[in-house]
Amino acid sequence: CCSVHSTQIQLKKARSGMREMAAQAIFAVFSILLIRDSVSKLQVTVSESPVKVKVGDDVLLTCHLTVDQPPVDMSQLMIQWYHRGKMLAEYDDKLVIRDPEVHVSEEELQKGNASLFLPNIKEKRVGNYRCYVYYAGDTRMKEIVLEVEDPAKVQEEEEEEREVCPKGSSPLVVNKVDDMISDFYKLHGKLKSLTRDVQKCLCS
């Protein structure tokens with residue numbers, strides 16, 4: 001009986017010791033994570049959204065990263081640019097451009113500049129662009145909305161508006177004609193009402 005009791009006491013002490021070791025391990029892991037986060041403190045800034053451009057323009061979608069202990073350690077860095085779910089460019093030990101119409105400078109990456117250059121903008125470039133930055137276990141994602149205006153379409157819309165007015169007439173003339181038509185219908189309504197009143201008088 002004494003031996004059983006002694007064994008139970010030892011088991012309780014062992015369990016207690018294991019719980020303490022587990023708590024210490026968890027604390028150590030959280031401490032490492034906190035220290036790592038306080039050391040990296042990755043900051044990413046991008047262009048103010050939305051970015052508005054016209055077809056044919058060149059545009060730079062800026063993306064700058066800063067760390068607490070510069071310069072940027074390129075072995076710890078990964079960059080990815082996406083547009084509508086399609087990867088445009090990626091840096092992971094080496095720079096890979098997946099869309100031949102875009103450009104990212106590997107030299108500028110070493111300075112923390114991960115900006116995306118889009119030359120001779122086409123209407124298909126409209127939409128959301130996402131820049132993913134991975135550095136020393138830290139991750140950031142920034143989004144930029146690009147709005148593309150086609151001058152040709154704007155001109156077509158303006159011409160359609162002008163066609164609403166008769167050729168050679170001004171909007172002022174058209175407004176006056178509209179007023180005259182409105183007055184005519186009002187007068188016509190009053191005349192009908194007056195005719196009904198006269199007919200009632202004659203009948204009585």
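# A guided tour of the model

Begin by selecting Asp138, which is placed in strand β10 (residues 138-149); strands (E, at least two residues) and helices (H or I, at least four) are DSSP runs numbered from the N terminus. The model is a predicted one, in which local features need pLDDT of at least 70, side-chain atom pairs count only at pLDDT 80 or more, and totals for chains, interfaces and linings use all residues. Residues are numbered from 1 along each chain as its sequence is written, and side-chain values use heavy atoms, with hydrogens and water left out.

Asp138 is buried, with a relative accessible area of 12%; buried means under 20%, exposed over 50%, and partly exposed in between (1.4 Å probe, protein chains only).

Next, select Tyr82, Tyr132 and Tyr134, which form one aromatic cluster. Rings of Phe, Tyr and Trp (its six-membered ring) pair if their centres lie within 6.5 Å; planes under 30 degrees apart count as stacked, over 60 as edge-to-face and the rest as tilted. The count comes to 2 aromatic pairs. Tyr82 and Tyr132 are edge-to-face, at 5.7 Å centre to centre with 85° between the planes. This pair links distant parts of the chain, since Tyr82 lies in strand β5 and Tyr132 in strand β9 (residues 127-135), 50 residues apart. Tyr132 and Tyr134 are stacked, at 6.5 Å centre to centre with 10° between the planes. Tyr82 is partly exposed at 23% relative accessible area, and Tyr134 is partly exposed at 25%.

Now select Ile79, Trp81, Ala89, Glu90, Tyr91, Leu95, Val104 and Leu109, which line the largest cavity. On a 1 Å grid over the protein atoms alone, a cavity is a set of points where a 1.4 Å probe fits but cannot get out, and lining residues have an atom within 4 Å of a point. Strands β5 (77-83) and β6 (86-92) each supply at least two residues of this lining, and β6 gives the most, with 3 residues.

Finally, select Cys63 and Cys131. Cys63 is buried at 0% relative accessible area, and Cys131 is buried at 1%. The structure holds 0 disulfides, a disulfide being a pair of cysteine sulfur atoms within 2.5 Å.

Notes:
On a 1 Å grid over the protein atoms alone, a cavity is a set of points where a 1.4 Å probe fits but cannot get out, and a pocket is an open set with protein on both sides within 12 Å along at least five of seven lines; lining residues have an atom within 4 Å of a point.
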